[in-house]
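Subject: Structure handover

Hello,

Here is the structure I promised to pass on. Please load it first, then read my notes below.

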Amino acid sequence: MRASLRNKIIDVCDKKIASKGENVGVSFYAFFKNKNDDPDLLMEAAKWWIETHQLDHFEKASTIKLMVESGK
């Protein structure tokens with residue numbers, strides 16, 4: 001996963017956790033605007049989320065952040 005995506009995921013998870021608490025859920029779409037302005041980055045996130053880790057549509061932001069920080 002490229003560094004820019006990793007940083008974006010951590011930042012979004014931090015903001016979601018700060019505003020809604022430790023149990024807040026996110027999907028990989030949470031890391032993108034409502035328009036597809038970077039399809040390659042979106043596909044990279046989708047592949048990591050769906051193919052690599054076979055995650056559910058919504059996962060706890062704290063879990064995702066920990067996974068990304070640990071390099072999984």
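Asp14 and Lys65 join their side chains in a salt bridge, with N and O 2.5 Å apart. The pair links distant parts of the chain: Asp14 sits in helix 1 and Lys65 in helix 3 (residues 61–69), 51 residues apart. Asp14 is partly exposed, at a relative accessible area of 33%. There is a network here too: salt bridges link Asp14, Lys65 and Glu69. Please keep in mind that this is a predicted model.

**Helix 1 against helix 3**

The angle between helix 1 and helix 3 is about 150°, and their axes are 9 Å apart. An angle over 145 degrees counts as roughly antiparallel, so helix 1 and helix 3 are roughly antiparallel to each other. The crossing of helix 1 past helix 3 is left-handed.

Which residues meet there? On the helix 1 side they are Arg6, Ile9, Ile10, Cys13, Asp14 and Ile17. On the helix 3 side they are Ala61, Ser62, Ile64, Lys65, Val68 and Glu69.

**Helix 1 against helix 2**

Helix 1 also packs on helix 2, at an angle of about 70° and with the axes 11 Å apart. The range for roughly perpendicular is 65 to 115 degrees, so helix 1 and helix 2 are roughly perpendicular to each other. Helix 1 passes helix 2 in a right-handed crossing. Ser4, Leu5 and Lys8 of helix 1 make the contact with Leu41, Glu44 and Ala45 of helix 2.

**The other salt bridges**

The count comes to four salt bridges. Glu44, one of the contact residues of helix 2, forms a salt bridge with Arg2. The closest N and O atoms of that pair are 2.6 Å apart. Glu44 and Arg2 link distant parts of the chain, 42 residues apart. Glu44 is in helix 2, while Arg2 is in the segment before helix 1 (3–20). Both ends are partly exposed: Glu44 has a relative accessible area of 21%, and Arg2 has 37%.

Asp11 and Lys15 form a salt bridge as well, at 3.2 Å from N to O. How far apart are Asp11 and Lys15 in helix 1? They are four residues apart, so about one helical turn separates them. Asp11 is partly exposed, at 37% relative accessibility. Lys15 is exposed, at 53%. The cut-off for exposed is over 50%, so Lys15 at 53% passes it.

**Aromatic rings**

The structure holds four aromatic pairs. In one of them, the ring centres of Phe31 and Trp49 are 6.4 Å apart and the planes stand at 55°. That pair is tilted, because stacked needs planes under 30 degrees apart and edge-to-face needs over 60.

What does the pair tie together? Phe31 lies in the loop between strand 1 (25–26) and helix 2 (39–52), and Trp49 lies in helix 2. The pair therefore ties together parts that are 18 residues apart in sequence. Are Phe31 and Trp49 buried or exposed? Both are buried. Phe31 and Trp49 also belong to one aromatic cluster, together with Phe28, Tyr29 and Trp48.

**Ser27**

Ser27 sits in the loop between strand 1 and helix 2. Ser27 counts as buried, at 7% relative accessibility. Leaving aside residues up to four places away in sequence, Ser27 touches Trp49, His57 and Phe58.

**One backbone point**

Most residues other than glycine have a negative phi. Gln54 has a positive phi of about 50°, although it is not a glycine. Gln54 lies in the loop between helix 2 and strand 2 (59–60). With a relative accessibility of 66%, Gln54 counts as exposed.

That is the handover.

Best wishes

Technical notes:
Residues are numbered from 1 along each chain as its sequence is written. This is a predicted model: local features need pLDDT of at least 70, side-chain atom pairs count only at pLDDT 80 or more; totals for chains, interfaces and linings use all residues. Side-chain values use heavy atoms; hydrogens and water are left out. Rings of Phe, Tyr and Trp (its six-membered ring) pair if their centres lie within 6.5 Å; planes under 30 degrees apart count as stacked, over 60 as edge-to-face and the rest as tilted. Helices (H or I, at least four residues) and strands (E, at least two) are DSSP runs, numbered from the N terminus. Buried means under 20% relative accessible area, exposed over 50%, partly exposed in between (1.4 Å probe, protein chains only). Contact means heavy atoms within 4.5 Å. Axes are lines fitted to C-alpha atoms, for helices over the stretch in contact, and angles run from 0 to 180 degrees between N-to-C directions. Angles under 35 degrees count as roughly parallel, over 145 as roughly antiparallel, 65 to 115 as roughly perpendicular and the rest as oblique. A crossing is left-handed if the near helix is turned anticlockwise from the far one by less than a right angle, and right-handed if clockwise.
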